[in-house]
Amino acid sequence: MYIDGEWQSAASGKTFASINPANGAVLDSVPDGEREDARRAIDAAAAALPDWRSRTAYERAEVLVEAHRIMLERRDDLAELMTREQGKPLRMARTEVGYAADFLLWFAEEAKRVYGEVIPSARADQRFIVLAQPVGVCAAITPWNYPISMLTRKLAPALAAGCTSVLKPAEQTPLCAVETFKVFADAGVPAGVVNLVTCSDPEPVADELLGDPRVRKISFTGSTEVGRMIASRAGATMKRVSMELGGHAPFLVFPDADPEHAAKGGAAVKFLNTGQACICPNRFIVHRSIAEPFIATLRARIEKLVPGDGLAAGTTVGPLIDEVALKKMQRQVDDAVDKGAKLELGGSRLQGPAFDNGHFYAPTILTGVTPDMLICSEETFGPIAPVMVFDDEDEAIAMANSTEYGLAGYIYTRDISRAIRVGEALDFGMIGINDINPTSAAVPFGGIKQSGLGREGARAGIEEYLDTKVLGIAL
């Protein structure tokens with residue numbers, strides 16, 4: 001663990017192992033932190049806060065720029081570790097490290113764009129000055145599916161704003177967090193400004209982070225179920241919260257769209273990170289008149305995917321994170337087939353010498369999917385592509401919005417009026433229109449409804465770490 005500028009063991013002396021999901025091999029062990037370790041990390045963050053928040057924006061920006069340089073310098077090593085620990089193919093891991101570095105550079109610049117304002121008063125002898133100041137000590141809880149970029153997406157704006165932080169990474173990917181914190185340490189982040197507590201059981205550490213009144217903000221990326229609990233607990237001490245939670249993205253293909261082009265885009269984003277991304281399409285909602293060519297192209301693209309160890313040459317889709325994820329895939333497929341869906345491709349765990357020790361599920365297509373099936377209400381987070389059909393625009397919008405989630409959605413159409421009309425009607429925070437990657441460090445990322453609160457990235461990302469203060473001055 002990294003606490004107060006030092007690499008430390010857990011107070012208990014316990015450790016836990018990080019496992020390669022492709023072959024079950026133990027990669028390394030890390031400290032198994034508990035409540036006492038979290039408390040020490042909060043102590044360090046609180047002690048470091050006065051100095052860090054008093055530094056100029058330019059000083060904080062210099063540290064982030066150096067972290068950006070170091071991260072890109074170590075890109076290949078970080079990517080290889082990510083592939084071993086998380087499973088995604090090496091090319092995708094390199095892309096993620098670049099994305100992670102983007103947040104460091106973006107928020108280095110945003111540090112210098114935190115502006116206040118002067119508000120005119122009705123009194124001639126009075127002035128109002130509005131300041132934006134750091135929230136204080138922040139806690140970050142990050143997921144395993146993007147184990148480096150989700151760290152920088154939270155820590156970079158916190159650092160830029162003048163906050164100090166305690167981070168608890170996912171128990172499946174602690175080594176990626178350790179190496180990311182080495183980047184911060186080598187970039188010159190002062191002792192106590194960023195702190196890392198690794199643990200196999202998140203509950204005691206989260207309890208301490210949520211219960212300590214010195215922690216003024218919680219940023220969480222993970223499941224909606226856990227996010228609800230964290231937000232509720234945070235209310236007891238009136239902490240600010242940012243929540244990036246589950247998704248159930250619809251992928252709408254209208255009759256004027258090129259079905260082959262849409263299917264190629266849909267296959268690419270569906271199997272991104274083996275489907276383990278919150279913006280992956282969970283439902284392909286295709287107009288009946290073009291469903292046949294869409295499904296044919298989708299199948300042809302998916303049949304070309306090469307499952308395997310992410311370090312192996314030619315691999316395009318890696319393992320799922322664990323056995324729980326595998327069982328979830330099979331449960332959703334079995335439920336759909338039992339209720340009348342047709343299994344077009346896949347539908348089972350992959351077997352053979354290359355797969356038996358890992359968590360591999362065959363890339364899968366289901367057709368004839370209907371709203372009563374589990375896959376239409378439960379987030380899949382895996383390599384299953386369910387296809388539904390519609391007959392008119394209003395029906396498609398209703399189908400897309402028939403979920404408690406509201407993170408991302410996709411529209412394929414050649415009609416600009418329809419694109420805007422449907423984009424405005426969809427109850428989702430991000431919409432890709434003929435585009436499968438509506439994200440960037442420069443744009444706000446986040447959802448509505450049960451998909452979260454607040455935004456990460458863009459100018460909005462640093463505003464989540466700032467409080468507003470008014471100075472009323474009598475002359």
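Biologist: Start with strand β12 and strand β13 (residues 281-287): the two run parallel and are joined by 5 bridges. Two strands pair if DSSP finds at least two bridges between them. Helices (H or I, at least four residues) and strands (E, at least two) are DSSP runs, numbered from the N terminus. This is a predicted model, in which local features need pLDDT of at least 70, side-chain atom pairs count only at pLDDT 80 or more, and totals for chains, interfaces and linings use all residues. Residues are numbered from 1 along each chain as its sequence is written, and side-chain values use heavy atoms, with hydrogens and water left out.

Modeller: Which residue of β13 stands opposite proline 250?

Biologist: Strands of a sheet pair through backbone hydrogen bonds, either parallel or antiparallel. Here arginine 283 in β13 stands opposite proline 250. β12 also runs parallel to strand β17 (residues 408-412), with 3 bridges between them; leucine 252 has isoleucine 411 of β17 as its bridge partner.

Modeller: In what order do the strands of this sheet lie?

Biologist: The open sheet has 7 strands, ordered β14-β15-β16-β13-β12-β17-β18, with mixed pairing. β14 (342-345) and β18 (430-433) are at the edges with a single partner strand each, so one side of each lacks a neighbour in the sheet. On average, neighbouring strands are turned by 25° against each other, direction ignored. Between β13 and strand β16 (residues 384-390) the pairing is parallel, over 4 bridges, and phenylalanine 284 has valine 387 in β16 as its bridge partner.

Modeller: Is β12 buried or exposed?

Biologist: Buried means under 20% relative accessible area, exposed over 50%, and partly exposed in between (1.4 Å probe, protein chains only). In β12 (residues 249-253), 5 of the 5 residues are buried, so the strand is largely enclosed by the rest of the structure. Both faces are covered: Ala249, Phe251 and Val253 are buried on one side, and Pro250 and Leu252 on the other.

Modeller: Which helices lie across this sheet, and at what angles?

Biologist: Contact means heavy atoms within 4.5 Å. Axes are lines fitted to C-alpha atoms, for helices over the stretch in contact, and angles run from 0 to 180 degrees between N-to-C directions. Helix α10 (residues 291-303) lies across β12, β13, β14, β15 (364-367) and β16, at about 170° to β16. Helix α11 (residues 323-338) lies across β14, β15 and β16, and runs at about 25° to β15.

Modeller: What handedness does the β-α-β unit of β12, helix α9 and β13 have?

Biologist: A crossover is right-handed if, with the strands pointing away from the viewer, the path from the first strand over the helix to the second runs clockwise. β12, helix α9 (residues 259-270) and β13 form a right-handed unit. β10, helix α8 (residues 224-234) and β11 also make a right-handed β-α-β unit.

Modeller: Which strands does β10 pair with?

Biologist: β10 runs parallel to strand β7 (residues 137-141), with 5 bridges, and parallel to strand β11 (residues 240-244), again with 5 bridges. Isoleucine 218 is the bridge partner of alanine 139 and stands opposite valine 241 in β11. Of the 7 residues of β10 (residues 215-221), 6 are buried, so this strand is largely enclosed by the rest of the structure.

Modeller: Where is the antiparallel pairing of β6 found?

Biologist: It is in an open sheet of 3 strands in the order β5-β6-β20, where the pairing is antiparallel. The edge strands, β5 (117-119) and β20 (466-474), pair on one side only. β6 (residues 126-134) is joined to β20 by 9 bridges, with isoleucine 129 opposite leucine 471.

Modeller: Which residues other than glycine have a positive phi?

Biologist: Most residues other than glycine have a negative phi, and most peptide bonds are trans. Phenylalanine 381 has a positive phi of about 60°; it sits in the loop between β15 and β16 and counts as buried at 19% relative accessibility. Alanine 458 has a positive phi near 60°, lies in helix α14 (residues 458-463) and is buried at 5%.

Modeller: How many helices and strands does the protein chain have?

Biologist: The protein chain has 14 helices and 20 strands, and 56% of its 475 residues are buried.
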